[in-house]
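Hi,

Here is the structure I promised to pass on. Have a look at it first, and then read my notes below.

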Protein chains: 2
Amino acid sequence: MAPNQVKSFPSVPLKDELDIVIPTIRSLDFLEVWRPFFEPYHLIIVQDGDPTKVIKVPDGFDYDLYNRNDINRILGPKASCISFKDGGCRCFGFLVSKKKYIYTVDDDCFVAKDPNGKDINTVEQHLLNLKTPSTPFFFNTLYDPYREGADFVRGYPFSLREGVPTAVSHGLWLNIPDYDAPTQLVKPLERNTRYVDAVMTIPKGAFYPMCAMNLAFDRELIGPAMYFGLMGDGQPISRYDDMLAGWCSKLICDHLNLGVKTGLPYLWHSKASNPFVNLKKEYKGLFWQEEIIPFFQTLTLPKECDTAAKCYVELAKLIKEKLNHIDPYIVRLADAMITWIDAWEDFNPPAEAVPAVANAKKDAVPPKKSK
Amino acid sequence: MAPNQVKSFPSVPLKDELDIVIPTIRSLDFLEVWRPFFEPYHLIIVQDGDPTKVIKVPDGFDYDLYNRNDINRILGPKASCISFKDGGCRCFGFLVSKKKYIYTVDDDCFVAKDPNGKDINTVEQHLLNLKTPSTPFFFNTLYDPYREGADFVRGYPFSLREGVPTAVSHGLWLNIPDYDAPTQLVKPLERNTRYVDAVMTIPKGAFYPMCAMNLAFDRELIGPAMYFGLMGDGQPISRYDDMLAGWCSKLICDHLNLGVKTGLPYLWHSKASNPFVNLKKEYKGLFWQEEIIPFFQTLTLPKECDTAAKCYVELAKLIKEKLNHIDPYIVRLADAMITWIDAWEDFNPPAEAVPAVANAKKDAVPPKKSK
């Protein structure tokens, strides 16, 4: 896609190209405020915790709801790779989606307003981010060069101005910032009030903390890397589900020359989670990330890995081999990463070879309820 | 410097720590609008072109003015490394300054207003950027973590939260964006109206097009790398003076674990330069950068290079050796880079060994006029 051609976005909401994935343990009244923006899309609701609990969804939304029993039934033994009692269960929704794009959002997040007081349509901005190229090889100081009123600045190599396909769009949060437990404890009253009117590509080679509160991505390009790990029930760690997916997806995007953007759109994060509970969930991660992040920063994947799935399998092997000394959990995690790819390929068979079993399973996914 | 300690900036303008360097060919009436912000500081005015022309400076400013005759007299044969008839001559001012910080600004730039209508004090923001740490090893999605109301987000390694010293603060421009000639020709009416309320560290390993219109840096940390090359009169290229300094300073900052920030402050760039003239000046650079930038992206400097000056000498050698096929000019440029370091060390002798000759020369720099 040539620069300067993608400057306005069609009013078509691309409703057949995007699913909205929401993990939840409660009734989804929060959807009311999102109605103008979410109603055109199909929702995939992943019910966490007690499967007998009834999750109410406001009328008028088109959705499938999967609880733990559904996940176990649909994935069989491979359901072991999907977290329980943790928001990381959302990746089941990524796996069963049939759409090109995923937008995933937390149920304690609401519509924010831009500085002009206008409600922010997060879906539209994420799609704009995903459908315009990224520029990971050189930093543009005026931010997104494809945006109306912007361009590449003097000194930007012309050979890089076509950019590369964008795989991930990481949106931000007004009000409650996404802080870890120690920072929450130290700054209980801090609120994010700054609306930074920018979208930028995170340069190749740079890592970032990917938060799943307001996240969109291209399933076809990077879906297999969006595995949210083994967290929560029965695991020694929680709240690192999106971090893991962020490290893996950025590494793989860099390897495959795909782009990762961060910035707009903002949503309104309503409520800080309990910092003491969070500390319990995340404290091992606070140690482990000190070793895991430098490990990712020095990794290179072999050239033969030319798809996200192949990269991910290779990465799982490397994690198992090089990080197993951290904790026995790491080996379980690496094995689960392989299981995840198996499951992914059952439901999203590579174009070249479509195994019958996968097709059968594909047909076997029953929408629990759909209006 | 520990995070969360640097959240407010003293009202002291640090006037004894910063010089403002302005290259010019005309009288400096533009200083009137900057008076509230620039008057406390010492100005170093580098007069380009005809040295007999009288440059008027508004009353009340404390300044030294150097024309070409001064440069030739002060540097002797080494004056050959300072460009003539090109804004790149400004680096002479960096060399003769005795301050820790430099702010350099173009004389077609004026005070911009922030979204609240308040005049932006560029010097204050640059000093704040330079005196707070940078975070080049991991990207913080809420931008500058040291800013009031912001912090490191969940998943940011704690071991990296002290940051590293900031060497460069790259400010931006409202109104006329810094475009190359082809973009100017294609988009003659484009104006930058977007105020992005952010300062961010450019990650380690990522390069960017550094523009000198609104630039500050720490002379002690990175001064030797802020050489603006051989441009203009007698040279095949122009308008790449700041780009060269940007490539070199970023490479060296990355090697020395120093930070480079971009974003705030904005100033108001009043007038687009003539795109046809610019095309003539820069067109060789449009080709050459396609080869030079990838060369920089793969360079590593030897560990022994532990100062900006040592790095710069090594870099000059590498450029001479690896890029000489581009044009005979490259060899002249590389030689000039060495001459620059010689001159730099005459005026800024390394602390360990202060050669007498340098001190003599230091004392020999006469302020042309100072109020």
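A quick term before the tour: helices (H or I, at least four residues) and strands (E, at least two) are DSSP runs, numbered from the N terminus. With that in hand, B:Asn257 sits in the loop between H7 and S9 of chain B. Its phi is near 55°, a positive value in a residue other than glycine. B:Asn257 counts as partly exposed, at 34% relative accessibility; buried means under 20% relative accessible area, exposed over 50%, and partly exposed in between (1.4 Å probe, protein chains only).

Some ground rules. This is a predicted model, where local features need pLDDT of at least 70, side-chain atom pairs count only at pLDDT 80 or more, and totals for chains, interfaces and linings use all residues. Residues are numbered from 1 along each chain as its sequence is written, chains are lettered from A and ligands numbered from 1 in the order in which they are written, and side-chain values use heavy atoms, with hydrogens and water left out.

How confident is the predictor? pLDDT is its confidence in each residue, from 0 to 100. Chain A has a mean pLDDT of 92, and 91% of its residues reach 70 or more. The complex gets an ipTM of 0.92 and a pTM of 0.92. Take care with residues 1-10 of chain A, where pLDDT stays under 50, and with residues 353-367 of chain A, where pLDDT also stays under 50. Where pLDDT is low, the predicted coordinates should not be read in detail.

An unreviewed UniProt entry annotates A:Arg154 as "glycosylation site"; UniProt positions are given in the numbering used here, feature names are shortened, and annotations may be inferred rather than shown by experiment. A:Arg154 is buried, with a relative accessible area of 6%. Leaving aside neighbours within four places in sequence, its contacts include B:Asp178, B:Tyr179 and B:Glu282. Its side chain also reaches the backbone oxygen of B:Arg239 at 2.9 Å.

B:Arg239 itself has a positive phi of about 65° although it is not a glycine. You'll find B:Arg239 in the loop between helix H6 (219-222) and helix H7 (241-256) of chain B, and at 13% relative accessibility B:Arg239 counts as buried.

Finally, look at B:Thr122 in helix H4 (residues 122-131) of chain B. B:Thr122 is buried, at 0% relative accessibility. Beyond four places in sequence, B:Thr122 is in contact with residues including B:Trp34, B:Phe38 and B:Pro265. A cis peptide bond joins B:Leu264 and B:Pro265, with omega about 5°, and B:Pro265 is in strand S9 (residues 259-269) of chain B.

Cheers

Conventions. Contact means heavy atoms within 4.5 Å. A polar contact is a pair of N or O atoms within 3.5 Å; within protein, one must be able to donate a hydrogen and the other to accept it, and residues adjacent in sequence count only if both atoms are side-chain atoms. pLDDT is the predictor's confidence in each residue, from 0 to 100.
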